[in-house]
Amino acid sequence: MPVPAHLPPEPDVRPDATRRDAVDAPAGVAGPAVALFATCIADTMRPSIPIATVTLLERLGCRVSFPERQTCCGQIMTNTGYWDEALPAVRNHVETFAGYDYIVAPSGSCVGSVRDQHAMLARHAGDQSLATAAAAVASRTYELTEFIVDVLGIVDVGAHFPHRVTYHPSCHSARVARVGDRPLQLLRRVRGLDLVPLPEADQCCGFGGTFSLKNPAVSVAMASDKARHVRATDAEFVVSVDHACLMNIGGVLHRQRAGVRTIHLAEVLAATGPETP
Amino acid sequence: MNARDEVLRRVRAATTDVTDADPAQDSPIDWIYGRALPTDDVLADFIEKVIDYGATVTRCTADDVARAVADALARLGAASVVLPPGLPESWAEAIGSGVGVLRDDPPLGNADLDVVDAVVTTAAVAMADSGTIALDHTEGQGRRVLSLLPDRHVCVVRADQVVSDVPEGLAVLGPAMRRGRPVTWLSGGSATSDIELTRVEGVHGPRHLAVILAE
Amino acid sequence: MTARRTPEPGSWLGIPPFPKAAPGALDKAEQRRNLRHATTSIREKRAERADEVADWEQLRTAAAQIKDRTLRHLEGYLLEAEGAMTAAGVTVHWARDGAEANRIVTDIAHAKGIDELVKIKSMVTQEIELNEHLEANGIAAWETDLAELIVQLGNDLPSHILVPAIHRNRAEVRDIFEVQMGRYGAPAPAAMTDDPAELSAAARSHLREKFLRARMAVSGANFLVAETGTLVVVESEGNGRMCLTLPETVVSIVGIEKLVPTVEDLEIFLKLLPRSSTGERMNPYTSFWNGPTSGDGPQDLHVILLDNGRTNALADPVGRPALRCVRCSACLNICPVYERVGGHAYGSPYPGPIGAILGPQLRGMDDPKDAALPFASTLCGACNDVCPVRIPITDILVHLRREAVDHKKAGRPSAERVAMKAAEWAMAEGPNLERAQGATQAAGRVLRDRWIGPLPLPVASRWLGARDTAPPAARTFRRWWRDHHDEDDR
């Protein structure tokens, strides 16, 4: 029997980190040990994102590990309605990350799934101990910008990225993980970076996982509007904290030969030289 | 099984997960009812919000209401007005001789009311934050139809009837509602936004609302 | 066969499931412009009006709690409401489904020899298709809300909960009024322009004779207060007050989820609802009544308490919060999918995010149209944040997707199920994923930096029809990691 979606509504499950005042990037200070949750999509499709995450976190003084048993948050199965099929991924995730104090992922969507869905799936399957363990892992899981701003207390990560960029706040980072303006705080301190506001930024790009395949025409209509707004900024790069959205927006931009590239925020923050990634 | 028993049986069967029979214990509500808003100037807030709906507000002293009513009717170009029972006789006396005065005593027919230009009523309470006036249709406020069919409504609100917000207003209206009084809330005149979400003031109810605030 | 008395409406039956209906809706350029204009302006107004309320979030929490309290103890509140209404002189009826409610209305009209009535805009009567039932029984039902009038005279279907004619612009409305008003009553004035003020004035005079003639009205209700039996109708135009004041008989059809426990609870909902729906501090008119008042208004009052699938939703503790809905339509106005396809593609009077969760719960998912609705969303979550009663819409969508899939699993295996089974294996542990990545890396090595363009493959074309895709990595992150880090970092 599922637990009723009774109250309290919208509990804030954000990890309770004590926020320190923002400081400049410390050089060589021993920071916390971090377990990287690379996410299956970045691991497979764009490894430069987790590589940049490692580079960045190590530069900020963290000791990064990558537990190799990890796979996926299971969201693609969960959100398509295949809860039974998602459960092994959830179980694997919880067991893989159970021992870590700080689990960091370069994705608002995957972190959102860990926080919002893992315990629910376990309860639905009648596995209360998995639900408890999943909630514990979720409470120690951070989207990358939350970790940098809230735990490390840093907003200037010492990045240099001399380009005109615009930022797309992905829906799940904004409304599920609730990262707020942390990505913008970090972007504003990047040297050389010209940040241009994206019109109608809070509108979904139309990806929606299997929505993009089940309702392709609607998905493309939304993605085309997003691409139009991106092009209107004259940016060289569109930045986000979720690669799935960037695949969707970038797919349309590439088809349109728009000349605008997509880049993950971790890649921007990892950059220190004038060369483009 | 009849429909009543069947629906109730389904409801019972659908809520077997609820084990605490006391609603208050089972489902607490984090809310303090009937609170006022910390508004600096409640009357000013009320006036601002009413005007925002496209209605007019005239401030006057309690002694000057009769003249303010007559002026409002003249300004609205009303050639006829209906008065509900219970209004001060001085108001009727102040109305200009060019305006035909009808009394809803005995009650007028709908066809008669449909061709009357205006109505004058008092109110039960007014809520500043949303610019809302409530009628409980007792003495001076008239039957519901009186403030509905005529095209212009002059509504006299006493300053001491204006509360900060809806919670206080409902606290005032609660006893009347528990007695079974019908209640009507007016926030500006009738309006619609059904065509391209363009607000048009005045559809079926009175197209003009003139509020007189008596202090 | 006798001639119809009211315009024949459009039919939901002809509309295919959402994935097939949506592309057609996207092709209607005029409708898309109308919807974009309307939803954009209304959601900006909503945000402004919500922001000016200091305790907006506390109001939302309290509203959700009050509705949950009511739903969890619904039997007691229903009995309390029934008792209060009966004591106040209202005749209370109960209806298991729409057909039963429709019969009750017809019987009341027939008993009084009434062959026409006026209606207040009501979602529940759309849900049970009351008008067509009345028409078939020789009773003409006239819609009096401006947008409902546009839909009725336009032989159309509603496409929005609050503004059913949101898909129409002023020029279309003018054309409908000019042709149709004269056929069903007072004609539109000659030389009427498409100015909304003139169109509203035409509706005023067209409907005035119907109001004054009507002996019976049908309404829904926004709220029913259990404690006092008070019904509440929230409206803008005054057509509601006309219907509730002038006829001698009023029949109100009320879904059993419309209850709130006390008069005081209204202070929360009457602050939330107008700001959430029309973006106004308060709607122009709200009517409260709980029985006939001697010498004032209708003297014969009926209330029909309707189930029609609500107890299905009530029985599911995960889906139950959908019954908190106060029909404000904030979720429609903020929804990027609704904004682009409009309401008709959802195939029922309840479109948008709330329709995608409410419809399948009320009707079940045997019909493929209903089974497709939970998937008609990107799960972007914008709806959750604007819902004044905090319905976790996306959580319920995902929950219903599981139910739809479970329903489907009983049938033959699909390509989707095969793919999900493969994903289940791949994601069960790291080594499995790594084996699957063998194939993606091989593809990546072949493609190198070459993007993939249009491909005429069945599923791939859904992505590649308008979007390219970058090749997968020739070397995954986990391979990179292994090459760069020691064993003890893993």
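In the predicted model described here, 27 residues of domain 1 of chain A are in contact with 22 residues of domain 2 of chain A, contact being assigned where the C-beta atoms of two residues, placed from the backbone, lie within 7 Å. On the side of domain 1 of chain A that touches domain 2 of chain A, the elements giving two or more residues are α1 (40–45), α2 (48–59), α3 (75–80), α5 (108–116) and α8 (144–151) of chain A; helices (H or I, at least four residues) and strands (E, at least two) are DSSP runs, numbered from the N terminus. By class, this side of domain 1 of chain A holds twelve nonpolar, ten polar and five charged residues, where Ala, Val, Leu, Ile, Met, Phe, Trp, Tyr, Cys and Pro count as nonpolar, Asp, Glu, Lys and Arg as charged, and the others, Gly among them, as polar. Domain 1 spans 22–151 and domain 2 spans 164–270 of chain A, with bounds from an automatic or database domain assignment, and the C-alpha centres of the two domains lie 21 Å apart.

Residues are numbered from 1 along each chain as its sequence is written, while chains are lettered from A and ligands numbered from 1 in the order in which they are written. Because the model is predicted, local features need pLDDT of at least 70 and side-chain atom pairs count only at pLDDT 80 or more, whereas totals for chains, interfaces and linings use all residues.

The contact between chains B and C takes 63 residues from chain B and 75 residues from chain C. Among the elements of chain B that each supply at least two residues to this side are α7 (166–178) and β9 (183–186), but the largest share, ten residues, comes from α1(B). The side of chain B that touches chain C has 28 nonpolar, 20 polar and 15 charged residues. Across this boundary, β9(B) runs antiparallel to strand β9 (residues 285–289) of chain C, to which four bridges join it, strands being taken to pair if DSSP finds at least two bridges between them; Leu186(B) has Tyr285(C) as its bridge partner.

Within chain B, strands β2 (residues 80–83) and β3 (residues 100–103) pair in the parallel sense over four bridges, and Val82(B) stands opposite Leu102(B).

Finally, Ile212(B) touches Thr58(B), Cys60(B), Val65(B), Ala68(B), Val69(B), Ala72(B), Val154(B) and Val156(B), residues up to four places away in sequence not being counted.
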